[in-house]
Amino acid sequence: MPGRNPREAVDEYIAPLQRSLSCFSPGILRPSGYDTDILLQATFSYPTVELMTVGGEILHLSFVQGFSIIQPLFPKFGRYKVRTRSYIYQLENSNHQEILGFHWHPENTPDIQYPHMHIYQGAGDNIRQEIRNIHFRTDRFAFEEFCQLLIKEFRVVPDRDDAEEVLSQNLRKFQNYKTW
Amino acid sequence: MPALLESRQVKSGETSDAFTPEEANNLFDATARRYMGISGDEFLQRWDNGEFRDSESQARAMRVAILIPIVRKTSARKKSA
C-alpha cells in the first residue's frame, strides 16, 4: 500500500489492519515511527487487548507486526512502500496464559526462518513440554485469518455486523498485495 | 457494542500517532514483565548475553524480543524476507 510520504505509507498499511481489528475490539494499533532506515512495529499501547467470547469468557489478543518503509528510487515521483518484516498474533486466556500464537520473526531466529505456530500451556493443563517447544510450520498467516479463527473457532463476539465481510475483503486485499 | 467502547475506535480516515520514546519504553517494560517476569532493562541485558534462546523459553521470549526495535533503533538494511 504505497504512500506519497512515509507517514502516508504507514497509515495506508495500518488502516486495513485496524479495520480488521475493529471486527471484535476497540483496540488501537499504533506505529513506532515513520523512519525509512530502521525496523518499526505496529502494536497496541499495552501488551494485549481484551476479547469476549459468546460464552462470556474473557480472552486476550496480542498483536505485533514488524515492518520497514521502503523509499522510492525517485522520492519526488515515486511512492513509499511498507514491507512486513515479522509478526506475532497470540491468543491468551483470562489469566494471560498463552493459548496459541502465530509467529514469523526471521531476523530474530536465523535457524527458524519460516512462519510457524506455537501451542502453549493455556491450551490445556496436560500439554507436553515437547509440544510447547515445537515450531509448527505454517504458510504466511494473515492477521485476517487469525481474526476469522477467533470468531469461528473461539467464538469471540464480533463488534460489528459486517465482520465476516470486512475480514474477507481485507484478506483478499492482503492476498493480492503480498509478495510471498 | 457499548457506546463507550465504540467512541474509542479509530474512525475511517483517522490515523493514530506513533509512540513517543516514553510510551515505547513503558510498553517494552510492561511486555517484559508480563511474559518474562523481569523488567525491560533486565530483558535487554540478558537477551544481549544470549539468554532465552533455548527451546523452552524462546517462544515466550520472542514476544518481548520482537519489540526490541521499539526501544533500540535497529537498521532495516539487514536481509529482508
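What percentage of the 81 residues of chain B count as buried? The points below take up this question along with the rest of the structure, which is a predicted model.

1. In chain B, 27% of the 81 residues count as buried. The secondary structure of this chain consists of five helices and zero strands, and so, read from the N terminus, its elements follow the order α-α-α-α-α. Of the contacts in chain B with a separation of 6 or more, 51% are accounted for by residues 24 or more positions apart.

2. Chain A has both kinds of element, with four helices and eight strands, and along the sequence these are arranged in the pattern α-β-β-β-β-β-β-β-α-β-α-α. Its radius of gyration is 17 Å, which is close to the 16 Å that the globule rule gives for 180 residues, so chain A is as compact as a globular protein of that length. The C-alpha trace of the chain spans about 55 × 40 × 30 Å along its principal axes.

3. If one takes the contacts in chain A between residues at least 6 apart in sequence, 50% of them join residues at least 24 apart.

4. The two chains touch each other through a contact that takes 39 residues from chain A and 35 residues from chain B. On the side of chain B that touches chain A, the elements giving two or more residues are helix H1 (3–7), helix H2 (21–36), helix H4 (55–65) and helix H5 (68–71) of chain B. By residue type, that side of chain B divides into 17 nonpolar, eight polar and ten charged residues.

5. The largest nonpolar core holds 50 residues, and the members that touch the most other members are A:Tyr89, A:Leu150 and B:Val64. Chain A gives two or more residues to this core from each of helix H1 (6–21), strand S2 (40–43), strand S4 (58–70), strand S5 (81–92), strand S6 (98–104) and helix H3 (143–152), while in chain B the elements that do so are H2 and H4.

6. A:Leu150 deserves a separate look in the viewer. When its neighbours within four places in sequence are left aside, A:Leu150 is in contact with A:Phe24, A:Leu51, A:Leu91 and A:Val156.

Notes: Residues are numbered from 1 along each chain as its sequence is written. Chains are lettered from A and ligands numbered from 1 in the order in which they are written. This is a predicted model: local features need pLDDT of at least 70, side-chain atom pairs count only at pLDDT 80 or more; totals for chains, interfaces and linings use all residues. The radius of gyration is taken over C-alpha atoms; the globule rule is 2.2 Å times the number of residues to the power 0.38. Two residues are in contact if their C-beta atoms, placed from the backbone, lie within 7 Å. Ala, Val, Leu, Ile, Met, Phe, Trp, Tyr, Cys and Pro count as nonpolar, Asp, Glu, Lys and Arg as charged, and the others, Gly among them, as polar. A nonpolar core is a set of buried Ala, Val, Leu, Ile, Met, Phe, Trp, Tyr and Cys residues joined through C-beta atoms within 7 Å. A residue is buried if 20 or more other C-beta atoms lie within 10 Å of its own, exposed if 12 or fewer, and partly exposed in between; C-beta atoms are placed from the backbone.
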